[in-house]
Amino acid sequence: MNRQSLSLAAFIVAVALPLPADDAKAESLYVPLLTYRTGAFAGSGIPVANGMHDYLTMLNERDGGIGGVKIEIEECETGYTAEKGVECYEKTKAKKPLVYNPYSTAITLQLIPKAPVDKVPLLSMAYGLSASAVGKNFAWVFNPPTTYWDGTSAIIKHIAEQEGGLDKLQGKKIGFIHLDAGYGKEPIPLLEQFKSKYGFELFLYPVPPKEMQNQSSIWLNVQRDNPDYMIMWGWGAMNPTAIKEAANIGFPMNKFYGVWWSAGEDDARPAGEGAIGYRTLNLNGTGADYPAIKDIQRLVVDTGKSQVTSKGRVGENLYNRGVMNSVLVAEAIRTAQKLTGKTAIDATDMRRGLEHLEITAERLKEIGLEDFMAPMKVTCEDHNGHHAVYVQEWDGKQWKPISNWFEPMKDVVRPMLEQAAAEYVAKSKPPERTESCD
Amino acid sequence: MLYREAGQFKTSYAADQAIFPLIEDRIGMLATLLVAGAVIPAIGGDFLLNGVMIPFLIFALAAVGLNILVGYAGQLSLGTGAFMGVGAYACYKLTTQFPDVNIVLVIVCAGFFSAAAGVAFGLPSLRIKGFYLVVATLAAQFFFEWAFIRIGWLYNYNASGAIEVPGREMLGIAITGPAATSTTRYYLVLAIVIVMTWLASNLIRGRYGRAWMMVRDMDIAAELMGVRMLRTKLLAFAVSSFYCGVAGAMMVFLWYGSAEPSAFSIRVSFQVLFMVIIGGMGSLLGSFFGAAFIWALPILLRLMPELLGLRIGSQTVDQISQMVSGALIILFLIVEPHGLARLWSLAKQKLRVWPFPY
């Protein structure tokens, strides 16, 4: 029995003690990172986590933080599960975080209603709920630079370009393979709309999360339906499996398009030669050829402060995605500092910072990331911006851009977003926005 | 010495049938309730309530439900996750259809839908037993997971494919949705769990509980003695699924705040089954021990490095915590295969004779 009573005592001590202790501390900017380096989605989660962590660490090392205030970074392992997501949120909330980056649709959906109540902004960079782009309904949620519906329209636009115009899509067959969860299903309404507008045939291939690594039957169906193009919305172990299967059945890889989350080096690499030609959308530059990334290598990786397994992994696509996420966080902090005149800002200031976030081409050059991403701007009404994306192709070793930055079909997507936001508001009745647009 | 029944005379049938016949047990229970009802909300922050206690109580209720089926009635089931899901989705559909109905009522009503699902998938139990029955309940798991993903009507055709909890009030206090404080939700969960556990304990000590235990110990003998298999087994499935359904509804409405179908995967079924096995089959107290062990112990382990001042990467902490809890599960099962509840009763026996062990 001793064992049990001991563990009970330790449990009470452990839970009760650390809560109030953190108030009296020197100024710092506390940014919790909800990451996942374990579980079925770790393959995608690890590079993102490294990128987010390393860029902020680099700012601490090189500039002593932002505006002279150190960033306090804390990772919390979610394993991509909702239950640990809640645990991490509650655990970090007491330390007054500036912003949350959940990197999971399920956790984002849980946090969206909590954000206006707990007054902590949520940055779901190009994932989460597309409708949260509507600032008048979602004052505390930000999903720049672009939404899944923008991504869908961008892929259709690129396909149409290959075919010689949107009218040439008539009678074509397009397959959509997606993770059978909220994330993967999001593009379907837009694809259905395009289907009736442009007259192509649409085939859906849902992949249940527990069947991610066992897709052979799904690809048999693909072979039977023989679509002209395939579009993929995958994450974690689903991506490399799908690319391998596509290569196995000899699907023409340059007609296989992935979203920006199906764009890891580790997704394409396992299929070897077969993956050559596989295309994805992208939001950020790849490679380590940027001064800021070089600084990360010099100050963070070389000094052993990073968790990357080898220096070569710095600059990989999902790593750079994580860097981009941290760039948005850092720039929003800077904007908030400028707006309020304080250096140690709080979450309310951070929300204003995110709402006034503008990253121009000049600013990108200043922070050592010239052409790393499309210049972007968030406004009070538009928490997304629907910014430009580009298409890249796998050449067997690395990603090569095959298009310039181009705009998604904002005119089609925005009305759908407004409608979806109105529906969400009607169903869930979130509290009215009280924050004024300044 | 500390736990003696000597001198405590029962002078009425009511006293003889009391849930806690010993004064020590009554004191212990009151103390536990006091800690749960007053001390924990007073000292705990959101993390203790939202991250530890609410999920612990919800899992404990689900474990009580499964324990009725597995531990008392002897019918193995791997469909817990699905039945919890039925409760959650039923609750969501009901409260979006009838927004003015009190949410507590809706949560309890959701249990009936889950009970109906349990009866439907419990029908094979009349013909098959043991591992074969596990396969039949596994079918429930797969079927409902499929339904939650595929049938848009169940999630009101939300673009996200998830169910999102609307804000609901009772007596002017927000009890679901983002505006509800963790203290309010904790008290509600605590109240529901206490009432339902009390009902379960009475049910088990009564005629139906005894019939279940007869079926568990030897179903042919039970049948010969006049226990009707159809009614008894299906009732076990219904009651068990009712408990799981209420737990599932509470999980989404009072804990998660929104849920994707993956929240009710087979992982949850296993988790609750482990709680029952570790806690002790056929023991309500064991369900609570099991839930504490499986849910709270890993959290404690994850907090340890920070308390000890160690800087370890978050994923290493997670992996260590999984390894240690796995090792502890094996250790406890070797030390006491009948679960933590059995350890507790051994301890009570020791206290009874202490300090003279012979």
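Let's start where the two domains of chain A meet: 13 residues of domain 1 are in contact with 15 residues of domain 2. By contact I mean that the C-beta atoms of two residues, placed from the backbone, lie within 7 Å. Which elements sit on the domain 1 side of this meeting point? Those giving two or more residues are α2 (42-63), α4 (105-118) and α12 (317-340) of chain A. Three residues, the largest share, come from α2(A). By type, that side divides into seven nonpolar, five polar and one charged. Here Ala, Val, Leu, Ile, Met, Phe, Trp, Tyr, Cys and Pro count as nonpolar, Asp, Glu, Lys and Arg as charged, and the others, Gly among them, as polar.

A quick word on what you are looking at. This is a predicted model, where local features need pLDDT of at least 70 and side-chain atom pairs count only at pLDDT 80 or more, while totals for chains, interfaces and linings use all residues. Residues are numbered from 1 along each chain as its sequence is written, and chains are lettered from A and ligands numbered from 1 in the order in which they are written.

Domain 1 of chain A covers 28-146 + 287-388 + 417-428, and domain 2 covers 161-282; the bounds come from an automatic or database domain assignment. Their centres, taken over C-alpha atoms, are 28 Å apart.

Chain A as a whole has 15 helices and 13 strands. These are DSSP runs, numbered from the N terminus: helices are H or I with at least four residues, strands are E with at least two. Of its 438 residues, 55% count as buried, meaning 20 or more other C-beta atoms within 10 Å of a residue's own, again placed from the backbone.

Now, on to chain B.

Finally, the core. The largest nonpolar core has 241 residues; such a core is a set of buried Ala, Val, Leu, Ile, Met, Phe, Trp, Tyr and Cys residues joined through C-beta atoms within 7 Å. Helix α3 (residues 46-72) of chain B gives the most, 19 residues. Both domains of chain A supply at least three residues each. I58(B), one of the residues with the most contacts inside this core, touches V189(B), A247(B), M250(B), M251(B) and W255(B), leaving aside residues up to four places away in sequence.

Methods:
A residue is buried if 20 or more other C-beta atoms lie within 10 Å of its own, exposed if 12 or fewer, and partly exposed in between; C-beta atoms are placed from the backbone.
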